[in-house]
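Subject: the model we talked about

Hi,

Here is the structure I said I would send over.

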Amino acid sequence: MNQRIREKLKNGETTFGLWVTLESPSITEIAVELDLDWICIDLEHGYLNYQQVAGHLQAANGSNLSVFVRVPTHALESVKRVLDLGAHGIVLPLVRSAEEITKIQQYAYYPPKGQRGLGGERNVKWGLGLEEYTSNANEDIMIIPVIETKDAAEAIDDILALEGIETILFGPGDLSSSYGYLGQWEGPGMAELILEMKEKASKLGIGSAVLARNTEDAKLRRKQGFAMVGLGSDAGMVVRHVGQLLSDLEINEIDHRWF
């Protein structure tokens, strides 16, 4: 679990992934065939459910692909259910403090480190791999907080000081909104703030992740030293590429700056 992505992060390599918002497991199969490093299945926004998450995890079975799930809430149920399905890690949206992250970590780790309960679900091969999974789960699972609020940005030093934080993810659009720049991907000063926080993380050996809006942005993020770069969302990339095709054919102009 997460072996390849951790090796790359340790070596200072940029890893590339895909944001999954659509239900078809074929998307994850394609990600595997493209040899991407990771995907993040989004349960915070959109319409995906836990059964569809299981389908994506099954499609990644036996591959080197790390499968993360952005949970819809900070509740115990959200965290334990995606981990019991076999998610390799969780992405925590809208965190505002180190204390909030610590509480969620308790839900994700087995005793004595945390409070996670035992189950006989897919993660433990329906009980057949219970000992194997539980012996390494606390170390294998990655917990990635999203820095997308002004509160989190102001608490960044405390967040980076937490045990178990290997990577943080920046949400430029929501971070901009929380500073009063609603609808802007990186409002005034936001690009500089994100890079400042990224450098703080880097000095502590913590990687940073971000979703790129297009190819040039992905190249820029790699040049800036981001450890994890999302190439886009599945639906967003369809909009981006079909929109560009329509534009090139002079049929329609599509505003795809956010994709």
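This is a predicted model: local features need pLDDT of at least 70, side-chain atom pairs count only at pLDDT 80 or more; totals for chains, interfaces and linings use all residues.

Residues are numbered from 1 along each chain as its sequence is written, and side-chain values use heavy atoms, with hydrogens and water left out.

**The barrel**

Eight strands close into a barrel in the order E1-E2-E3-E4-E5-E6-E7-E8, with parallel pairing. From one strand to the next the twist averages 25°. On terms: helices (H or I, at least four residues) and strands (E, at least two) are DSSP runs numbered from the N terminus, and two strands pair if DSSP finds at least two bridges between them. Angles run from 0 to 180 degrees between N-to-C directions, and axes are lines fitted to C-alpha atoms, for helices over the stretch in contact.

Strand E1 (residues 15–20) pairs with strand E8 (residues 228–233) in the parallel sense over four bridges. Trp19 stands opposite Ser233 of E8 there.

Strand E6 (residues 167–170) is worth a look too. Both of its faces are covered: Thr167 and Leu169 on one side, Ile168 and Phe170 on the other, are all buried. Buried here means under 20% relative accessible area, exposed means over 50%, and partly exposed is in between (1.4 Å probe, protein chains only). Strand E5 (residues 142–147) runs parallel to E6 and is joined to it by two bridges, with Val146 partnering Leu169. E6 also pairs with strand E7 (residues 207–211), in the parallel sense and over four bridges; Ile168 stands opposite Ser208 in E7.

**Helices on the sheet**

Helix H3 (residues 50–60) lies across E1, strand E2 (38–42) and strand E3 (66–70), and runs at about 165° to E3. Helix H13 (residues 234–248) packs on the sheet as well, touching E1 and E8, and its direction makes about 65° with that of E8. Contact is counted when heavy atoms are within 4.5 Å.

H13 has 15 residues and reaches 21 Å from first C-alpha to last, close to the 21 Å expected at 1.5 Å a residue (the expected span is 1.5 Å times one less than the number of residues). Which residues of H13 are buried? They are Asp234, Gly236, Arg240, Gly243 and Ser247, and the buried residues of this helix pack against E1, helix H2 (26–33), helix H12 (215–223) and E8. Ser247 counts as buried because its relative accessibility is 18%. Leaving aside neighbours within four places in sequence, Ser247 is in contact with Asn252 and Glu253. Just after H13, Glu250 takes a positive phi of about 60°.

**The cores**

The largest nonpolar core has 62 residues, and Val82 and Ile90 touch the most other members. By nonpolar core I mean a set of buried Ala, Val, Leu, Ile, Met, Phe, Trp, Tyr and Cys residues joined through side-chain atoms within 4.5 Å. Not counting residues up to four places away in sequence, Val82 touches Leu43, Tyr50, Val69, Val71, Ala87 and Ile90. Another core, of 12 residues, lies apart from the largest one and includes Ile5, Trp19, Ile144 and Val146.

**Charged pairs**

There are 16 salt bridges, taking a salt bridge as a side-chain nitrogen of Lys or Arg within 4 Å of a carboxyl oxygen of Asp or Glu. Asp157 and Lys200 form one, with their closest N and O atoms 3.2 Å apart. That pair links distant parts of the chain, 43 residues apart: Asp157 sits in helix H9 (residues 156–160) and Lys200 in helix H11 (residues 190–203). Asp157 is partly exposed at 47%, and so is Lys200 at 31%.

Glu199 and Lys198 meet at 2.7 Å, N to O; Lys198 is buried at 5% relative accessibility, whereas Glu199 is partly exposed at 38%. Lys125 and Glu132 make a salt bridge at 3.6 Å, where Lys125 is partly exposed at 48% and Glu132 is exposed at 52%. Finally, Arg4, Lys8, Asp35 and Asp37 are linked in a network of salt bridges.

Cheers
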